[in-house]
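User: I would like to go through the labels used for this structure. For each one, please give the value and the cut-off behind it.

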Amino acid sequence: MSGEPDALAVVNQLRDLAADPMNRQAIVQDQGCLPGLILFLDHPNPQVVYSALLAVRYLTECRANREKMKGELGMMLSLQNVMQKATTPGETKLLSSEIYKLLQASSSEDSEQAEEAATSRRKAQFFLGVTNKRAKTVVFHIDGLDDSSRRNLCEEALLKIRGVISFTFQMAVKRCIIRIRTDLKAETLASAIASTKVMKAQQVVKGEDGNEVIIPFPEDGSIAVEQNVILPDYLPEEESLSQEPDKAVTRIGTGQDGAGWLGSAANFLSRSFYW
């Protein structure tokens, strides 16, 4: 157990990898690293938050990354939370504000970004995983998700549903990111969460203008839930959960150390954040 990297060690290594321009696009395309950095922005340790912001700032140096980073669920909201939190150190607020403004301006750079993205794809060497067409991701804002006991209740409700693959909590913003089979409806998950009697879920989606939209569910609780008898219906390990083939990456940069450490960081994130 003592040999496992802690959060600060992991985020510092990701920061150091992001400092190398050859690694930046691959890190953003990896299905675990960018969501992991977003979660680190809500970490209680100010050093972890600042180091995560430095990593994100490095990643924005590659213009081809900016639109994807802006659209990554939770990115803009987490940056706003860092800026608005009363306990955030001044230097950290300034860095967060700088990143936020850069990403906000990214939509005006589409043509230049597309050109750079094409060039970067030609230069980078990626080993692509297999696309899993049976999985999708839904995001819930959960009213009542206030503490660890409520999170445990939510976990129990989700684990009973057949077709749930994995889930990640963002307690600071009361959100849950859930991977499910494509034939499972979001309404079913919301109904299961509502059955706790102390929480209510609303779905978070991207609107046509790129902003997040909150969609409430009916409160009649009439949706039937197919429950697991023993365990959640997990997908085989060899299948990638990425919905797009160019998001699965196992080789970055030019050296072996970066790629190997990226794998260990992903393993840490898997153990820590439930995905």
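User: In which loop does Lys197 lie?

Analyst: This is a predicted model. Lys197 lies in the loop that runs between H10 and E4.

User: What makes Lys197 count as exposed or buried?

Analyst: Its relative accessibility is 75%. Exposed means over 50%. Lys197 therefore counts as exposed. Its phi is near 75 degrees, a positive value in a residue other than glycine.

User: Where is Lys174, and how is its accessibility classed?

Analyst: Lys174 is in the loop between E2 and E3. Its relative accessible area is 30%. Buried needs under 20% and exposed needs over 50%. The value falls in between, so Lys174 is partly exposed. Phi of Lys174 is positive too, near 55 degrees.

User: How do you know that E2 and E3 are paired strands?

Analyst: Pairing takes at least two bridges. E2 (residues 164-170) and E3 (residues 175-181) are joined by six bridges, and the strands run antiparallel. The two strands are therefore paired. The strands form a hairpin with four residues between them, and Lys174 sits in the turn.

User: Why is E2 called mostly covered?

Analyst: Seven of its seven residues are buried.

User: How many residues of H10 are buried, and what do they pack against?

Analyst: Helix H10 (residues 186-194) has seven buried residues out of nine. Among them are Ala186, Leu189 and Ile193. The buried residues of H10 pack against E1, helix H9 (148-159), E2, E3 and E4.

User: What makes Gln203 count as buried?

Analyst: Gln203 has a relative accessible area of 17%. The limit for buried is under 20%, so Gln203 is buried. Gln203 is found in strand E4 (residues 200-206). Leaving aside neighbours within four places in sequence, its contacts include Phe140, Ala186 and Phe217.

User: How many aromatic pairs does a search of the whole structure find?

Analyst: Two.

User: Why is the pair of Phe140 and Phe217 called edge-to-face?

Analyst: The ring centres are 5.7 Å apart, and the planes stand at 80 degrees. Pairing needs centres within 6.5 Å, and edge-to-face needs planes over 60 degrees apart. The values meet both limits, so the pair is edge-to-face. Phe140 lies in strand E1 (residues 135-143), and Phe217 in the loop between strand E5 (212-216) and helix H11 (256-273). The pair therefore ties together parts that are 77 residues apart in sequence. Phe140 and Phe217 are buried.

User: What makes Phe167 and Phe169 an edge-to-face pair?

Analyst: Their centres are 5.8 Å apart, with 70 degrees between the planes. The pairing limit is within 6.5 Å, and the angle limit is over 60 degrees. The pair is therefore edge-to-face. Phe167 has 6% relative accessibility, and Phe169 has 7%. Under 20% means buried, so Phe167 counts as buried, and so does Phe169.

Methods:
Residues are numbered from 1 along each chain as its sequence is written. This is a predicted model: local features need pLDDT of at least 70, side-chain atom pairs count only at pLDDT 80 or more; totals for chains, interfaces and linings use all residues. Side-chain values use heavy atoms; hydrogens and water are left out. Rings of Phe, Tyr and Trp (its six-membered ring) pair if their centres lie within 6.5 Å; planes under 30 degrees apart count as stacked, over 60 as edge-to-face and the rest as tilted. Buried means under 20% relative accessible area, exposed over 50%, partly exposed in between (1.4 Å probe, protein chains only). Contact means heavy atoms within 4.5 Å.
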